[in-house]
Amino acid sequence: MSTTKNLSVFALGGINEIGKNMYVLEYGEDLLVIDCGSKFPDESLLGVDLIIQDISYLQENKDRIRALLVTHGHEDHIGGIPYLLKQLNMPVYATRLTLGLIELKLREHGLLRDTERVLVDNESTYEFGEITVSFFKTSHSIPDCLGIVFETPEGTVVHTGDFKFDLTPVGGDYADLHKMAEIGKNGVLLLLSESTNAERTGFSLSERIVGEHIEEAFRRADQKIFISTFASNVHRLQQIIDAAIKTNRKIGLLGRSMVNVFSVAEELGYLTLPEGMLIEANQINGMDPEQVVVICTGSQGEPMAALSRLSTGTYRQVSILPGDTVILASSPIPGNEKSVSRIVDNLYLLGAKVIYGSGSASGMHVSGHGFQEELKLMLTLMKPKYFIPIHGEYRMLQQHRILAESVGVEGENIFIINNGDVVDIQQSVARQTRSVQAGHVFVDGLGVGEVGKIILRDRKLLAEEGMLLIVITMSKSDGKLIMKPDTVSRGFIYEREAEELFRELNELVVTIVENTETEQLSRGRKNDLKHTIRKSVEKLLFARTKKRPMILPFIIEI
């Protein structure tokens with residue numbers, strides 16, 4: 001091993017994707033992890049609950065890990081923390097609200113007692129070996145967001161976290177422009193900046209606009225109001241509370257995550273509401289409809305969330321009635337558009353008045369991520385020598401590269417990388433020549449990493465083609481059939497409508513068994529027989545139906 005130290009920076013998640021953000025910075029024997037998020041699966045990942053990072057590299061270097069630094073409390077930055085800490089115990093550094101949200105997860109996973117938690121703010125400074133860490137305030141759609149500054153012997157590295165430049169933020173969460181400018185004035189070797197809205201021109205709208213539109217919609221509504229938003233969007237929750245106060249409505253909460261986040265935010269002082277304003281879910285239907293607003297989860301179309309169940313009339317305690325107003329105060333994350341559209345259709349079928357769409361479409365949501373001019377402003381403030389666009393899909397990273405070049409960053413100093421690609425900096429020269437292991441790990445119920453390509457392939461086959469179970473009962477002594485095969489179809493074809501096909505199939509199985517030498521079975525070579533049956537039946541079914549169901553021969557010896 002070379003004694004010359006490198007500054008190395010790479011991502012284990014968050015590049016060429018939206019979600020599961022995790023970045024690593026290391027110098028010599030010191031390794032720091034930035035964020036540990038999760039992301040939701042798309043429709044192709046049947047049965048998968050959550051996607052997190054492959055942390056093989058961290059496990060191999062666990063003795064060098066000094067801390068997990070968390071920029072803010074959104075799921076794509078904290079959702080994977082319990083799964084990380086179950087395998088690698090490390091101190092967690094985060095702001096007050098972010099720690100409160102992380103602690104909810106740690107408590108649920110039984111990790112709270114064993115996890116060291118360190119409260120930070122924008123004035124904090126920490127030494128981790130040869131790396132000095134400090135922070136600066138940014139604006140986003142959740143309070144207590146920070147960018148992180150790493151001072152290393154090679155130079156200064158800045159990670160922006162998620163940000164926008166909102167000049168009229170809710171709750172006074174102003175970005176610290178003066179500190180950013182000072183960091184840039186002192187010299188930034190490498191900037192890692194988020195790219196979510198790199199395709200969107202101009203400046204993002206202020207969150208304050210949403211509050212005005214929410215209040216206006218509340219005044220126009222003459223029955224119950226249902227409003228769905230991200231549970232972690234605490235600023236939005238306060239705007240809803242303020243509008244409810246002005247229109248004399250009580251507030252009900254639906255959805256476990258909404259109740260949990262609301263409780264933490266209120267306890268920590270990030271939400272303020274009059275005593276007695278909250279009502280229980282079982283009180284909602286019994287109150288005058290013009291006196292109620294319901295805040296619920298499910299703005300991304302999650303099938304088991306409150307809004308989805310309300311839209312299908314299957315929420316046990318509360319119903320949406322004709323004339324009720326439903327507001328979706330969020331925009332769909334890429335990939336969730338179909339699910340959200342389905343819910344909107346269902347709400348209209350119930351007779352509800354539905355308000356949805358972002359920006360000027362409804363005024364009920366603005367992005368928490370900066371548009372092109374804000375990304376250029378960050379680049380201009382920091383004036384980095386090297387630049388790595390992060391937090392976005394490939395086209396967003398490429399667009400961010402163009403923006404960086406437009407404000408003076410040299411093209412050869414911009415690195416478009418994949419998860420696992422390492423940028424090494426030595427004597428102020430950056431190179432990308434190596435990679436570490438990175439990828440997806442699937443969380444499925446209580447199982448983490450147990451679902452692989454084969455299981456997903458089988459689930460896809462079952463979902464698309466169905467299953468055929470062939471039960472063969474044989475004599476253990478001579479290998480002869482005791483009775484005719486019993487064939488059971490699930491999701492493939494209805495047996496009563498295909499009697500001729502199943503008769504032909506059973507005759508084929510009988511022929512195969514009768515032509516199999518008895519001595520083969522006596523030696524326990526049933527697997528060969530199953531394989532022959534599977535291949536022959538598959539060939540027959542495809543010829544007759546053009547379908548390939550999962551075929552499961554099952555041999556019972558009596």
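Me: Which residues of α8 do V234, L237 and I241 in α7 meet?
Reply: V234, L237 and I241 meet M258, V261, F262 and A265 of α8, where contact means heavy atoms within 4.5 Å. By class, this contact of α7 with α8 has seven nonpolar, no polar and no charged residues. Nonpolar covers Ala, Val, Leu, Ile, Met, Phe, Trp, Tyr, Cys and Pro, charged covers Asp, Glu, Lys and Arg, and polar covers the others, Gly among them.

This is a predicted model: local features need pLDDT of at least 70, side-chain atom pairs count only at pLDDT 80 or more, and totals for chains, interfaces and linings use all residues. Residues are numbered from 1 along each chain as its sequence is written, and side-chain values use heavy atoms, without hydrogens and water.

Me: At what angle do the axes of α7 and α8 cross?
Reply: Two packed helices are described by the angle and the distance between their axes. Here the axes of α7 (residues 234-246) and α8 (residues 256-267) cross at roughly 85 degrees and come within 11 Å. That makes α7 roughly perpendicular to α8, a label for 65 to 115 degrees. Axes are lines fitted to C-alpha atoms, for helices over the stretch in contact, with angles from 0 to 180 degrees between N-to-C directions.

Me: In what order do the six strands of the open sheet stand?
Reply: Strands of a sheet pair through backbone hydrogen bonds, either parallel or antiparallel. The order is β8-β9-β10-β11-β12-β19, with mixed pairing; two strands pair if DSSP finds at least two bridges between them. Helices (H or I, at least four residues) and strands (E, at least two) are DSSP runs, numbered from the N terminus. β8 (125-128) and β19 (384-390) stand at the edges with a single partner strand each, so one side of each has no neighbour in the sheet. Neighbouring strands are turned by 20 degrees against each other on average, direction ignored.

Me: How many bridges pair β8 with β9?
Reply: Four bridges pair β8 with β9 (residues 131-138) in the antiparallel sense. Y126 stands opposite V133 in β9. Helix α11 (residues 372-382) packs on this sheet, touching strands including β12 (188-194), and its direction makes about 165 degrees with that of β12.

Me: How many disulfides does the structure hold?
Reply: The structure holds zero disulfides, a disulfide being a pair of cysteine sulfur atoms within 2.5 Å. For C36, the closest cysteine sulfur, in C145, is 17 Å away, too far for a bond.

Me: Is C36 buried or exposed?
Reply: C36 is buried, at 0% relative accessible area. Buried means under 20%, exposed over 50%, and partly exposed in between (1.4 Å probe, protein chains only). C296 also counts as buried, at 0%.

How values were computed: Angles under 35 degrees count as roughly parallel, over 145 as roughly antiparallel, 65 to 115 as roughly perpendicular and the rest as oblique.
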